[in-house]
Amino acid sequence: MRLDKFLASQNFGTRKEVQKLIKSGQVTIDGEPAKKPDKKVNLEENKVAVKGKEITYTEHIYIVMNKPKGYISASEDKKEKTVIDLVPEEWKRKNLFPAGRLDKDTTGLMIITDDGDFAHRMLSPKKHVDKRYLAELDGEVTESMVEAFKNGIEFYDGTLCLSATLIPDKKTKNIAQVIIREGKYHQVKKMFLTQGLTVKNLKRLQIGSFVLPKELAEGNCRPMSEAEIEAVFL
Ligand code: URA
């Protein structure tokens with residue numbers, strides 16, 4: 001791969017910016033300053049460094065975020081703050097987007113990536129990746145609601161949902177966990193509405209076998225490990 005293309009793909013700037021960086025002598029290949037932006041690098045053999053720091057090539061980036069309230073799930077917006085605004089510069093890439101939407105007032109587990117295939121696999125109901133939520137409601141969750149969720153909720157407009165699991169909290173009657181494998185617009189809120197309940201707070205806890213890391217405070221994010229990426233599909 002050309003050196004300038006490689007550096008741009010690893011978020012060192014636009015093609016023009018990285019060409020400038022190369023010409024400034026701050027980029028080395030195997031310890032030697034690189035002079036030409038079109039110099040070919042072999043990613044398996046050559047060690048490329050910028051300002052003395054070696055770059056490890058990754059095709060895509062996967063970031064786990066504990067989404068706070070007040071941010072929308074979009075890559076950019078003219079008026080609203082987006083989840084991408086919370087990603088520190090060092091992990092920003094050109095085509096970053098949130099894999100699956102959470103409402104502006106929903107918190108919790110969100111994956112941000114530049115890998116469209118990954119997002120498709122995670123979101124397609126056919127791939128059976130469960131999403132688990134914690135909901136706080138304005139009333140009691142009953143056994144008949146558990147049955148209704150299991151049988152598949154029908155929205156007021158006739159839309160049918162797949163079978164879902166509703167697990168009432170043992171101690172607090174207005175708290176429950178919900179497991180769904182699709183992502184219809186406002187799905188969890190609308191499912192409860194058909195049962196006469198309003199969701200007061202909603203937090204996503206888990207996607208597949210990947211649980212929101214405990215140490216990740218609201219508003220924070222970090223790149224995922226390979227094991228964490230795999231856990232999404234387990
Ligand atoms: N269901 C909702 O209603 N809102 C979300 O943000 C996610 C699932």
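Modeller: Start with pairing. This is a predicted model. In strand 7, Met110 is the bridge partner of Met65.

Biologist: Which strands pair here, strand 5 and which other, over six bridges?

Modeller: Strand 5 pairs with strand 7, residues 107–113. The sense is antiparallel.

Biologist: What is the bridge partner of Met65 in strand 13?

Modeller: That partner is Cys221. Strand 13 covers residues 221–223 and runs antiparallel to strand 5, with three bridges joining them.

Biologist: Now burial. Are the residues of strand 5 buried or exposed?

Modeller: Buried means under 20% relative accessible area. Six of the six residues of strand 5, residues 62–67, are buried, so the strand is largely enclosed by the rest of the structure.

Biologist: Which residues lie on each side of strand 5?

Modeller: Tyr62, Val64 and Asn66 are on one side. Ile63, Met65 and Lys67 are on the other. Both faces are covered.

Biologist: Let's zoom out. How many helices and strands are in the chain?

Modeller: Six helices and 13 strands. Buried residues make up 44% of the 234 residues.

Biologist: How do I read the overall shape?

Modeller: Compare the radius of gyration with that of a compact globule. For 234 residues the globule would be near 17 Å, but this chain has 22 Å. Its C-alpha trace spans about 70 × 35 × 35 Å along the principal axes.

Biologist: And the charges: how many positive and negative side chains does the chain have?

Modeller: There are 41 positive and 35 negative side chains. The centres of the two sets lie 3 Å apart.

Conventions:
Residues are numbered from 1 along each chain as its sequence is written. This is a predicted model: local features need pLDDT of at least 70, side-chain atom pairs count only at pLDDT 80 or more; totals for chains, interfaces and linings use all residues. Side-chain values use heavy atoms; hydrogens and water are left out. Buried means under 20% relative accessible area, exposed over 50%, partly exposed in between (1.4 Å probe, protein chains only). Helices (H or I, at least four residues) and strands (E, at least two) are DSSP runs, numbered from the N terminus. Two strands pair if DSSP finds at least two bridges between them. The radius of gyration is taken over C-alpha atoms; the globule rule is 2.2 Å times the number of residues to the power 0.38. Lys and Arg count as positive and Asp and Glu as negative; His and the chain ends are not counted. The place of a charge is taken as NZ of Lys, CZ of Arg, CG of Asp or CD of Glu.
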